[in-house]
Amino acid sequence: MVDALPSLAFLGAGSMGGAILRGVVASGIPVDGGIVATNRSVEKARTLDGVAGVRSISLAEDAGGNAAAASARIVIVGVKPAMVPDLLAEIRPHLREDAIVVSIAAGVTLATFADVLGDGVSALRAMPNTPSTVRRGVTGLAAAPGASAEDTALVRRLFETVGSVVEVPEDRIDALSTISGSGPAYVYLLIEELTRAAIGKGFAEQEARLLAEQTFIGASALLEASGEEPAELRRRVTSPKGTTERAVAVLQDAHLDEVFARATDAALTRARELAAGA
């Protein structure tokens with residue numbers, strides 16, 4: 001039997017926090033003490049009503065709802081980056097002595113957590129992505145100097161319930177976010193554009209979506225199952241002087257390497273702006 005997770009509090013269970021929460025629930029791993037989730041609006045809180053083992057609190061109805069953090073061993077902070085310092089100050093009196101505070105807020109440094117909570121609180125930064133909802137996520141994890149190996153292992157196990165985990169130094173977490181954190185959006189954009197191309201060739205929208213989406217899903221599944229390098233699988237599809245070779249040449253002429261470098265650089269710049277409070 002898989003060991004149970006300790007009690008969890010999701011403060012700001014929006015798109016990312018909610019994805020992790022739902023992924024943990026879907027994993028079937030028991031959570032001793034249950035899960036508490038807070039959201040500002042009644043509407044967002046209601047989206048979690050009926051999720052097994054979750055107590056969902058609307059701060060519009062219960063202004064002191066974040067005090068629920070007092071009962072959780074692991075507290076996941078998922079509010080907008082600008083709101084993090086005020087939230088930390090709010091929950092500081094309510095934290096357990098053995099609490100582990102985990103930030104999933106982009107750009108907020110562990111120094112911010114130490115400034116508000118003090119060096120004695122165990123803190124980590126996590127950068128998950130939305131496929132965690134279906135337990136296929138990738139999470140980057142960086143621990144503060146005061147976080148013990150045991151605390152880090154416990155948080156790692158939490159995120160492993162929803163996918164893979166990569167531990168990195170904090171100075172690499174923002175760079176990681178530009179790849180796996182933002183990465184699903186890049187994939188969806190490529191699917192959108194391939195769908196448009198199919199529609200332009202006369203396919204109905206439903207057919208075009210099927211062709212594009214299932215091609216991405218199937219190619220990813222083959223990549224995972226085969227254990228081969230992506231370049232090798234691409235080579236096998238690309239017959240010399242064939243149709244795929246000509247299409248790939250057009251894509252390569254577009255300098256996709258430079259496009260992805262510029263895109264991820266732009267994301268990294270924004271993460272640093274967020275860290276600076278911009």
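The following legends describe close-up views of a predicted model.

View 1. An unreviewed UniProt entry places the feature "domain: Pyrroline-5-carboxylate reductase catalytic N-terminal" at residues 8-107.

**View 2. The open sheet.** The sheet consists of 8 strands with mixed pairing, in the order β3-β2-β1-β4-β5-β6-β7-β8. Its edge strands, β3 (54-58) and β8 (163-167), each pair on one side only. From one strand to the next, the twist averages 20 degrees.

**View 3. The pairing of β1 with β4.** Strands of a sheet pair through backbone hydrogen bonds, in either a parallel or an antiparallel manner. Here β1 (residues 8-11) and β4 (residues 74-77) pair in the parallel sense over 4 bridges. Ala9 has Val75 of β4 as its bridge partner.

**View 4. Helix α4 against the sheet.** Residues 110-117 form helix α4, which lies across β4, β5 (100-103), β6 (122-127) and β7 (137-143). The helix runs at about 150 degrees to β6.

**View 5. The second largest pocket.** This pocket holds about 880 Å³ of space. It is lined by 40 residues, of which Gly78, Val79, Lys80, Pro81 and Ile104 are the closest to its centre. Elements giving two or more residues to the lining are α1 (15-27), β2 (35-39), α3 (84-91), α6 (173-181), α7 (183-200) and α11 (256-275). The most is given by α11, with 4 residues. By class, the lining of the second largest pocket comprises 18 nonpolar, 16 polar and 6 charged residues.

Technical notes: Residues numbered from 1 in each chain as written. Predicted model: local features only at pLDDT ≥ 70, side-chain atom pairs only at ≥ 80, totals over all residues. Heavy atoms only, no water. UniProt positions renumbered as here; feature names shortened; annotations may be inferred. Pairing = 2+ DSSP bridges. Axes fitted to C-alpha atoms, helices over the stretch in contact; angles between N-to-C directions. Contact = heavy atoms within 4.5 Å. 1 Å grid on protein atoms, 1.4 Å probe; cavity = no way out; pocket = protein on both sides within 12 Å on 5 of 7 lines; lining within 4 Å. Points joined across faces, edges and corners; volume = space filled by probe spheres on them. Nonpolar A, V, L, I, M, F, W, Y, C, P; charged D, E, K, R; others polar.
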